Amino acid sequence: MSVSIAGRANWLADKHLQRLLSALSQGSEEARIAGGAVRNTLMGQPVADVDIATTCLPDETIRRAEAEGFKPVPTGIEHGTITVVAGGKPYEITTLRADVETDGRRAKVSFGRDWKLDAERRDFTINALYAEADGSIVDLVGGIADIEARRLRFIGDAEARIREDYLRILRFFRFFAWYGEGRPDAEGLKACARLKEGLAQLSAERIWSELKKLLSAPDPSRALLWMRQAGVLTAALPESEKWGIDAIHGLTKAEKDLGWPADPMLRLEAIVPPDAARMKTLAERLRFSTAESDRLRHWAVATAVEPKTTEGELAKRLYRGERQGFVDRLRLSLAGARVRAVENTDALLEAGGFSRLLAFALKWEKPVFPLKGADLTALGATPGPKLGEILKNLEAEWIEAGFAPDRGALLDRAAKALET
């Protein structure tokens, strides 16, 4: 039975895309939509990017795109990939390929004209579907049946696919988190467990990119559980060992119930220990961005907040620390309390306390200390350590007083401190 995405793929009707597909299919050449756009349409998921596979060689792709008035950019021409901007949208166009040599990190490819060979070099059956310009599906590896069953399966021999690129171990769990149901494919799971040491060959950037995508799934808890059982989670993220992933499901439920965005960094914090030294090592190993490193550090050094803490006390801690670190702590505490509250009245009260404090922290604005060094020199103070110590002591008093003393009161105290 033929399957088509016509009628449910609004993106396919784009006139610029249709012109591009037509241009690449003139003469003896062919072009089809490939991969994720087809998969997501069949699964009722949003389509972010539209990729095209073609028999045209890269130079011919460029020539035909330019002839249509589109802008080709040779983003990966050595691998057969040209990005063509058509109607303001980028389309990644890749010449059909076959792997000539692989080393577990990258592949040397040759260009070809065989659609089945091109499909078989891909990772999973659900990612190896093509669509003609009219929406009819070309399935050469059994991907449609796997989509209908919500089953993630390697194409051909799972171990052979992984040895071509060890990143496919993490991709197996990432795609399972996004698209799979039930248990993971047994052969795929066994192959990932057997070959997990190959992850050591991968760059830190590729590992973190995949983990972040996995942690962005609607609910990555099942995938993380299978990763842990296969030993893959410890291989990729040793900090999670002997800590726990049980908090993830409760966190994702809280995100859904309370309208929080899916947050991969918060989910990471849920499965690693709040140990500043270990988090520094983790951030360096996976080459986090500065913003990611800072957020992880601020969370790790933020002290735990009890549900009975007053807003005034929390304000003092927020002033001395970083708000994001405390917000992350409170969100994780609230998610955990909501899980316990199902069977525990005390936990329900805790959840209320954490909810109150989180709302306060989110709207809190850091007050500005009213004095500067120049204010003390105007009173006759000499710049130096004593001036700094007086300012520091006055700020500490101001914080402990709930930020209440105004500038005049602080100047009076400063003057008295300078007299001693």
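The legends below describe close-up views of a predicted model.

**View 1. Packing of helix α7 against helix α9.**
Helix α7 spans residues 167–179 and helix α9 spans residues 204–215; their axes lie 9 Å apart at an angle of about 10 degrees. This angle makes α7 roughly parallel to α9, and the crossing of the two helices is left-handed. From α7, the residues in the contact are Leu-167, Leu-170, Arg-171, Phe-173, Arg-174, Ala-177 and Trp-178. They meet Arg-206, Ile-207, Glu-210, Lys-213 and Leu-214 of α9. Sorted by class, the contact of α7 with α9 holds 7 nonpolar and 5 charged residues, with no polar ones. In a helix, residues three or four places apart point the same way, because there are 3.6 residues a turn.

**View 2. The largest nonpolar core and a second, separate one.**
The largest nonpolar core contains 120 residues. Ile-33, Ile-52, Phe-173 and Leu-268 have the most contacts inside this core. Helix α7 supplies the largest share of the core, 9 residues.

**View 3. Surroundings of Ile-52.**
Residues up to four places away in sequence are left out of this view's contact list. Ile-52 touches Leu-17, Leu-20, Leu-21 and Leu-24, among others. Ile-52 is one of the residues with the most contacts inside the largest nonpolar core.

**View 4. Leu-129 in strand β8.**
Strand β8, residues 129–131, contains Leu-129. With a relative accessible area of 0%, Leu-129 is buried. Neighbours within four places in sequence aside, Leu-129 is in contact with Ile-33, Ala-34, Gly-35, Val-38 and Leu-42, among others. The list of its contacts also includes Ile-137, Val-138, Asp-139, Gly-143, Ile-144 and Ile-147. Asp-51 is 78 residues from Leu-129 in sequence, and the C-alpha atoms of the two are 11 Å apart in space.

**View 5. Asp-146 in helix α5.**
Asp-146 is part of helix α5, residues 143–148. Its relative accessibility is 1%, so Asp-146 counts as buried. Apart from residues up to four places away in sequence, Asp-146 touches Thr-125, Ile-126, Arg-151 and Arg-153. Asp-146 and Ala-131 are 15 residues apart along the chain, and 17 Å separates their C-alpha atoms.

**View 6. Two arginines with positive phi.**
Arg-150 is not a glycine, yet has a positive phi of about 50 degrees. The loop between α5 and α6 (158–164) holds Arg-150, which counts as partly exposed at 22% relative accessibility. Arg-287, also not a glycine, has a positive phi of about 55 degrees. Arg-287 sits in the loop between α14 (276–285) and α15 (290–301). At 56% relative accessibility, Arg-287 counts as exposed.

**View 7. Helix α13 and what covers it.**
Helix α13 runs over residues 264–271 and is mostly covered, with 8 of its 8 residues buried. The buried residues are Pro-264, Met-265, Leu-266, Arg-267, Leu-268, Glu-269, Ala-270 and Ile-271. The elements covering them include α9, α12, α14, α15 and α17. Leu-268 is also among the residues with the most contacts inside the largest nonpolar core.

**View 8. Packing of helix α12 against helix α13.**
The axes of α12 and α13 come within 9 Å and cross at roughly 150 degrees. The two helices are therefore roughly antiparallel to each other, with a right-handed crossing. Helix α12 contributes Ala-247, Ile-248, Leu-251, Thr-252 and Glu-255 to the contact, and helix α13 contributes Leu-266, Arg-267, Ala-270 and Ile-271. By class, 6 of the residues in the contact of α12 with α13 are nonpolar, 1 is polar and 2 are charged.

**View 9. Crossing of helix α12 with helix α17.**
Helix α12 (residues 247–258) and helix α17 (residues 323–340) cross at roughly 100 degrees, and their axes come within 9 Å. The helices α12 and α17 are therefore roughly perpendicular to each other. On α12, Gly-250, Leu-251, Lys-253, Ala-254, Asp-257 and Leu-258 take part in the contact. Their partners on α17 are Leu-332, Leu-334, Ala-335, Arg-338 and Val-339. The contact of α12 with α17 has 7 nonpolar, 1 polar and 3 charged residues.

Definitions and conventions. Residues are numbered from 1 along each chain as its sequence is written. This is a predicted model: local features need pLDDT of at least 70, side-chain atom pairs count only at pLDDT 80 or more; totals for chains, interfaces and linings use all residues. Side-chain values use heavy atoms; hydrogens and water are left out. Axes are lines fitted to C-alpha atoms, for helices over the stretch in contact, and angles run from 0 to 180 degrees between N-to-C directions. Helices (H or I, at least four residues) and strands (E, at least two) are DSSP runs, numbered from the N terminus. Angles under 35 degrees count as roughly parallel, over 145 as roughly antiparallel, 65 to 115 as roughly perpendicular and the rest as oblique. A crossing is left-handed if the near helix is turned anticlockwise from the far one by less than a right angle, and right-handed if clockwise. Contact means heavy atoms within 4.5 Å. Ala, Val, Leu, Ile, Met, Phe, Trp, Tyr, Cys and Pro count as nonpolar, Asp, Glu, Lys and Arg as charged, and the others, Gly among them, as polar. Buried means under 20% relative accessible area, exposed over 50%, partly exposed in between (1.4 Å probe, protein chains only). A nonpolar core is a set of buried Ala, Val, Leu, Ile, Met, Phe, Trp, Tyr and Cys residues joined through side-chain atoms within 4.5 Å.
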